[in-house]
Amino acid sequence: MTSGNPFGQVLVALVTPFTADGEVDWPGVEKHIDDVIAAGADGIVVTGTTGETSTLTDPEKIRLVEVGKDVAAGRAKIITGGGSNETAHAIELYRHSEQAGADGIMIVTPYYNKPTQAGILTHFRMVADATDLPVILYDIPGRTGVPIQYETILRLAKHPNILAVKDAKGSFSEVSRVLNQTDLMYFSGDDANILPHLSIGATGLIGVTANIAPAPYRTMVDAVNRGDLKAATEAHRQLEPLVRAVMTHVPGTVAAKYILHGLGRISSPRVRLPLVGPEEWEAALIEDEIDHVRGIPGVDFQNFRPDRNAAAGGALPKVAGTTR
């Protein structure tokens, strides 16, 4: 990790493995966390978008932090994502996550209710005030409906607990402006643009495709750290068809689980409704992209056995996600 960075640089936006009936596969969670850490991840974001936070219960979210801490055993930082679009609920979740041992929290912009920038500022400040953990702001207007405006980021940067931004907005000029005017760290939240983000000063990545292939991201980040653009670019090129397979045709969670299951690394590709597995034509597109993947360390697609039937549909868990 770089000096003063409490999060790591290669962070996996972890999928939450489920059983075929949609319950959390706890042994599968442990195995998957161990796998990605062994392959080079130094940070794990549990209960984020990719972890299906919207359909996890609060007790499941807290247990994911506990399991992550146990499995990581100091090898990687455990960051809890998700949060809530209700400020009081978000505060409660993050306090419990801190008690469960989380190393940091990632707070997403309140979604659906589309607050003003004043509301966004107040939400982030109050959640950050409620915990002693370091905070990553998650700026993803495509999901939340509202961006964190540049001026709001500058104001939030003054909070002692707010140390970083996960950027899925795609404004490289804004990233450069914020990096020039604050001490905030930036993490790329767009798998296709990780190397461009790193090239302008980002600290690292929080990636979906890293569930499948953490090793080339480790290579990329280490190469950037030592100023080796050639090696970083080669890792980027290696990953490009896999990133297309994961991030283009269906939600990243769905594709990542489909591929991980096809590789034999999780027991089921099941997602919870309203997410569903890829339809036949979507699965075919994912598989076509995978045909172009070559030479990624730690990933052998010669043994890829996708199961469209196992992935079909979505699960209704026995206990619905709680509000509070």
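The model is predicted: local features need pLDDT of at least 70, side-chain atom pairs count only at pLDDT 80 or more, and totals for chains, interfaces and linings use all residues. Residues are numbered from 1 along each chain as its sequence is written, and side-chain values use heavy atoms, with hydrogens and water left out.

**Largest pocket**
- The largest pocket holds about 670 Å³ of space.
- Its lining has 32 residues, and E52, T53, S54, T55 and Y111 are the closest to the centre.
- Helix 2 (58-72), strand 4 (104-108), helix 5 (141-144) and helix 11 each give two or more residues to this lining.
- Helices (H or I, at least four residues) and strands (E, at least two) are DSSP runs, numbered from the N terminus.
- The lining residues divide into nine nonpolar, 17 polar and six charged.
- A pocket is an open set of points on a 1 Å grid over the protein atoms alone, where a 1.4 Å probe fits, with protein on both sides within 12 Å along at least five of seven lines; lining residues have an atom within 4 Å of a point.

**Second largest pocket**
- The second largest pocket holds about 240 Å³ of space.
- It is lined by 19 residues, with T50, Y138, R143, V208 and M247 nearest its centre.
- This lining divides into nine nonpolar, six polar and four charged residues.

**Surface around L273**
- L273 lies in the loop between helix 11 (252-262) and helix 12 (280-290).
- L273 counts as partly exposed because its relative accessibility is 35%, between the limits for buried (under 20%) and exposed (over 50%), with a 1.4 Å probe and protein chains only.

Definitions and conventions:
Grid points are joined across faces, edges and corners, and a volume is the space filled by probe spheres set on the points. Ala, Val, Leu, Ile, Met, Phe, Trp, Tyr, Cys and Pro count as nonpolar, Asp, Glu, Lys and Arg as charged, and the others, Gly among them, as polar.
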